[in-house]
Every structure is written in C-alpha cells, then in structure tokens.
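User: I'm new to this one and would like to learn how to read it. Could you walk me through it?

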Amino acid sequence: MSFFADPRWGEALSHLPDYLGNHVRVSLAALALGLAISLPLAILTRNRPAPRAALLALASIVQTVPGLALLALFYPLLLLGASVALKWFGVSFSAFGFLPAMLALALYSMLPVLRNGITGLNGIDPALIEAAKGVGMTAQQTLLMVELPLALPVMMAGIRTAAVWVIGTATLSTPIGQTSLGNYIFAGLQTQNWVFVLFGCFASAMLALAVDQLLGLIESGLRHRSRLHAGLGAIGIAALVAATLVPTMGRSPSGYVVGAKTFAEQYVLSALLRDRLQAAGLSASARSGLGSSVIFGALKAGDIDLYVDYSGTLWANQLHRTDIKPRAELVAELKTALAKDNITLLGELGFENAYALVMPKKRADALGIHTIADLAAHTSTMSIAGDYEFFSRPEWAALQKAYGLQFNAQRQMQPDFMYAAVASGEVDVIAGYTSDGLIAKYDLVALDDPKQAIPPYDAILLLAPKRAGDERLKAALSPLLGKIDIATMREANLRAAGNDANSSPDAVAKWLWGKIGRP
Amino acid sequence: MPSRPMIGYAHVTKSYGALRAVDDVSLDIAEGEFLAIVGGSGSGKTTLLRLANRLIEADGGTITVEGEDIKNIDPVTLRRRIGYVFQSGGLFPHLSVADNIGITPKLLGEPAANIAERVDELIELVQLDGTAHRDRLPETLSGGQRQRVGVARALAAKPRIMLMDEPFGALDPLTRDALGDDYGSLHRRLGLTTVMITHDMTEAILLADRIAVMRGGQLLAQGTPMELSKSSDAYVLELLRTPRRQVERLNLLLSRDGAA
C-alpha cells in the first residue's frame, strides 16, 4: 500500500502531459515520415528485384545500428546541416530535440514497413495481376484495386511493428534533447528513482499497445470494408494526437530552458535554477538528461538558455587544452575564450566536481595508498571502472602518463553503480566524482593528485548567446554564485541517491535552496 | 468466309528468346463463330489467345479486331471491349461475387445503379442464385460456381468477343458438361464470337463450329470437325480420333463387366 502511496507517483503524473505529448508527437511524426518514404519505395520496387534487394539491405543495416547510437548520430549531422544552411541559404533550424529524433526514428521505422510492403506485394498470385489486366485495369487501377488491398494485411502488420518499435525507441531520444517518456527512465536511473523508471516503462508500453490496437482497428476496417472500424481507429489516433497537443498549447514558448546532463547532480541543479527563475517571475522549464556533448552545442545554438558545466570539461573538450592551471586562472581564461562565442560564463557555484580516483578507505590504508602516485605500484593487478566517457577523455590519458598507471582491466559503468561496485570489491578503483555523496556513504577515499594531472572542475553557470544581455536572468541567478560548497553539494547528491520521496531532484533542489538561500 | 473477320491473325509471330511460341499463324474468326483451339501444352495456344487482347504483344504480323488493327487500339480500351475468362477463374478474392462481376462496367465509369442492375441480370444469365451468391466471397463458392462468375464477369461490359482459356478444364466432368452446354447456348443467344482453348477434344467437337490445331507454335490445321477428319496430317487425325477411341474402349469395358 505504501508503494502506491508514494508521492513520487503524483510527481510522475504531473509530468505526464508534457512527456507523453512530446513522445506521441515525435513518434507519430516519425512514423508518418517513415511511411511516406517506405510505402512508395516498396510500391516502386515491387517489380524491380535489384533496387529492391539494395533497399532492403540498406534498411537492414540501419536496423543493426543501436537505437541510441542512431539518435546520437543525427545530432552532429544536423548541427553540420544547420550551419551549412545558415551560411549558404540564411535559413536557420534547430539541430536539437525534435528534428534529429524524428529523422532517426523515421529511419528506424523503415525496415518493417519496407520488408512487409515488399513481401505483401510480391506474394500476390501473378494470375490475379493478369486477371486485373484482362478485365481492363490500368497499371494504377491494378495497384489500387487489386495489389494494395491484397497486400494490406501483411503491410499493416509491418506498420504496426514499426509503430511499436518507434514508440519504444523514442524513449531513447531524451539525451538529444527531445522530451519523451524516456525522461522518466533516464531521470529515474540517474537518481535511483525506481518509481519514475517503472512509470516511464509502463507509460510507453501502454502507448505502444494503444497505438497498435488502433492501427489494428483501422486494418480490420480496411479489410472488411467497414467504415465504422476504420473510422473509429482513425478517430482514436486523431484523438490521441489532439489530447497530447492541448496541454502544451497553453504554455508560453518564450520560457527559459534549463539544461541538465545525465547525472543526479545535474538534475538537482537544473531544478534549482528553474525554481530560482520561477521565483523571480520568469517562466522556466528544465530539459534534463542531455548528452554531455549535446548540451554545449545546444547552449551555443540557443536551444537551451542556461546550464551548469564544469571548467575542466570545457577546458579539455571545447578548448582542447591539455595544460593545467589553478582553479581561478582556468576559469578566467575559460571565460575569455567562451566570450568569443558570445557565451556568458556567469560565475562559479562554489564547489568542484572533479574526477578523482576512488577506492575503499580500508583497502587504501592497508596498502598504504594515499595518493595516485602510491597507487601506481599496484595497478598491474587492479581493475578500474569509469563512466561512459572517462576513458576517452584527455584527463585519463594525462593521468596514465603522469603516474604510469597500467590497470589490468578497465570497465565502463553507469555512474551511480560504480560506488557500490568498488565498495563490494567488484572493481578495485573507480574514477569517481569529488562531489558525490556516495564517497562518504560507502566509506571510500578520493586519492590525492600531487602531480595535478587532473584539471580543476569548478561548477560554472553558462548562459546562451541570446541571453548575454539579459539582466533579469542574471539577477535571478546571482544569489546562487559561490554559495554551494563541496560539503553541501555532497549532501545534496547523497539525498538525491536515495530511493524515496525526498530524493526526487525537485525535493532535493528545494532542500538545497533552504540550506543556501538563508543569509 | 465473310470479307471482314471478327478477329483476324495474319502471319503473326511471337518469340520468347529462342523459342517460337507462335510461328507465322494466320487465322480468321468470323462473327458469331465458336472456335476451339486445341493442342498439347507448350503448343502456343494460350499465347495465340492472349495476343488478341494485347495481354501479350506480337513480334510480327497483324492482328485485327472488328477490322481494326489492334496496334492502333489502346490495350486497356481493347481489353474492356473483349470478355476474357481465365483458366482458374481469376476472381479477385477480396471482392464479392457482385463486385467481381461488375468490375469492368465500374472501370468504364458506369453509374452504380446501372451496374447493380446489370449484375443481377448476369447472375441470372449464368444461372447463379442471386440472393444466395451475390454478396459472397469467391472462396466460399464451388469450382463450377466460380467459373460461372468468371463467365458473368467477362460478359458484364457486353462484349461481342469472348476469349476463354481452358475455362472448364479444372472442373469435375458433370459440372464441365453442364457449364459447356450452358455457355454454348449463351454464345448462340447473345450472338457472341468465342475463341476457347481446350485440351479436351470431345468438348471441342461438341461446342465449337471450327477447331484450330496448334503444334510447336504453328497452326497445323483448321476447319470443322468433319473437315479435320479428312486431314492428311497424322497428328490431327490422331487428335480427332481420341474421343471415338475412348468411347470404344469404354464400351468394351462396360460390356465385359455386364457379361460377367
């Protein structure tokens, strides 16, 4: 009973109009585009074996690309397209969110539609095509009156498969900025909020089921020439679209969009920023779960208005610098560099969230390890785990070089699972984050970096170019600058890692403001 | 022979690669005539039939329909003018009996009410049961009923010419006889010109005014059964003798059984 009395169900429900609406819109748009491309292709190639084989091979290859990767690929592709379009044609469009998600999902929907379309059309008894000619049908009449009706059941099966795939895969469009039911799942995974994960899975499954059934109704209507069935199905789909459009129409489009990357601290901070803007009377919403490489581009393009990044990350990834400077100097230099792109570095929040090599305190003491230099002698028999990007970041190369680290195994993990993994001895060392509350919880220790191979990672507030002169925004945010120290952020992160009602990003953000807001 | 045949083939050829499916065939079919084309499989009889409504295009020679060179007639228009009955019915499985029958008038853009009236007329003409069969799907009919629908569909646009490709070949003997007889009287009553392919010599002799014998793409002989029986060609004589030989063997067997 207490499971359903959990207030997080209510919180999840409050996001539903927004998440579901966006999910339905991007899925149906993708499906419509996919059908608009695939069905004519299936029809055009039905009597041409060579292009048909090539087409099916191509669609199969697309299908083997994992959904998440396909979605991720479309972002840089469109970013390039957008810059070319702006330069050559003076047309600007957003490479963020809806467009890349829709295009990738449309591509994803093509295989089942093409394959079933071609199978259905080629499975027709040639004698019937001959009979159609014999009674005086033109090629077009043969297609419309004989081939398509006879291929319909097989084609519809393909369309229904595509619909279910697209609706399922659309949950993965969250990291490229498309709000979807995946927002529940990504946020839930990152903040260990299983209520959200369950809610997201259930909602997308129900949606897929509903659309499948409605398409089934249309199919039965077409097959049995029942206007009632086909009409009901079509009305159902239309009602679904309409229902998802209504709640978003009233919303002001001019609101500030706060971005957040894919980990708990970012969810908490984006909620905090959003609350501050709303408290200042500005309309604001959070766009969470954005990929680390997507988010900076989104800010630069103005798709989001502000977010929190970390100085060392931008230093390495955007400025491509490998040298290391003291905290304040690095931020100052970064500020100047970002200003060239018209991006405002408003200031530091106060804490640093640096990468650190972390291991159980007991084991470190037993082995006499206090610094990374001490660790180097033991690495040949040790394994290390890091998040999905750590091992490809320049910091890792710098660390290995500075200390001569040679681990015998390295593994990638979901950040929130790393700490438990190192505490249980699953791995020996992890590349953790200094602001993470789990370090204290699991009695771990972050090893010193005497050679300063890891750059500083001050949490910094960034504003989009279009907000460079926005004094109201700056005024609303300035009370946060320098206010969040490492201990406070660790505690906030620890709270966010809990699996109860007080651990939702919104609840933790409120707690955090309560803690730092008082003078 | 009248000066203008209903269908006229003059030195018509059609090849598939090295295979000469129809080899220099000249054949006239007069108005009101019932012509049967007989021959073994691969003799070119189906190709010859389909050349007439341009389901297959000839390589050489000239084909005329009602005096007009069919090269000058749009194939779709031509086919709507000529009734065609397919070997296994060729009915559209997703359309009801009525919609199958009314398809050609519908393609010609006739009003729905006229089509419905015509369909009722045709259902009666081919001796189907209007109330029982009209709205059924072809798969629920017997083979004989399906072929009756096929005949009705071919007749729907009131063609003057009927082309039939072994229309009754797949039916049981009793049904085949009944359908053959019924069609024969329709042919006469409606004043049709019919070209029918059959591999059953008895059927050909019983129904047709004239028989054309095809072999290896060539027209071996043509004429009334009587004329053909005087042919000097061994194959033609052999073909023509089959019905009588069968009857003789049958009688022999039956009388022996009766004696025992």
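Analyst: Here is a short tour, going from a whole chain down to a single residue. This is a predicted model, in which local features need pLDDT of at least 70, side-chain atom pairs count only at pLDDT 80 or more, and totals for chains, interfaces and linings use all residues. Residues are numbered from 1 along each chain as its sequence is written, while chains are lettered from A and ligands numbered from 1 in the order in which they are written.

User: Let's start with chain B. How many helices and strands does chain B have?

Analyst: Helices (H or I, at least four residues) and strands (E, at least two) are DSSP runs, numbered from the N terminus. Chain B has eleven helices and ten strands.

User: Which elements of chain B touch chain A?

Analyst: Contact here means that the C-beta atoms of two residues, placed from the backbone, lie within 7 Å. Chain B gives 14 residues to the contact, and chain A gives 14 residues too. On the chain B side, helix 2 (75-81) and helix 4 (103-107) each supply at least two residues.

User: How is chain A divided into domains?

Analyst: Domain bounds come from an automatic or database domain assignment. For chain A they give domain 1 (10-249), domain 2 (256-354 + 456-516) and domain 3 (355-446). The centres of domain 2 and domain 3 of chain A, over C-alpha atoms, are 25 Å apart. Their contact takes 17 residues from domain 2 and 17 residues from domain 3 of chain A. On the domain 2 side, helix 11 (264-279), strand 4 (344-352) and helix 21 (486-496) of chain A give two or more residues. Helix 21 of chain A has the largest share, with six residues.

User: What do the buried residues of helix 21 of chain A pack against?

Analyst: They pack against helix 11, strand 4, helix 19 (438-441) and helix 22 (505-516) of chain A. Among those buried residues are Met489(A), Arg490(A) and Asn493(A).

User: Is helix 11 of chain A mostly covered or mostly uncovered?

Analyst: Mostly covered, with 13 of its 16 residues buried. For length, the expected span of a helix is 1.5 Å times one less than its number of residues. Helix 11 of chain A reaches 23 Å from first C-alpha to last, close to the expected 22 Å.

User: Can we finish on one residue? Why does Thr142(A) count as partly exposed?

Analyst: Thr142(A) counts as partly exposed because it has 19 C-beta neighbours inside 10 Å. You'll find Thr142(A) in helix 7 (residues 139-169) of chain A. Leaving aside neighbours within four places in sequence, its contacts are Ile129(A), Ala132(A), Lys133(A), Met137(A) and Glu147(A). The C-alpha atoms of Thr142(A) and Leu128(A), 14 residues apart along the chain, are separated by 9.4 Å.

Conventions:
Buried ≥ 20, exposed ≤ 12 C-beta atoms within 10 Å, placed from the backbone.
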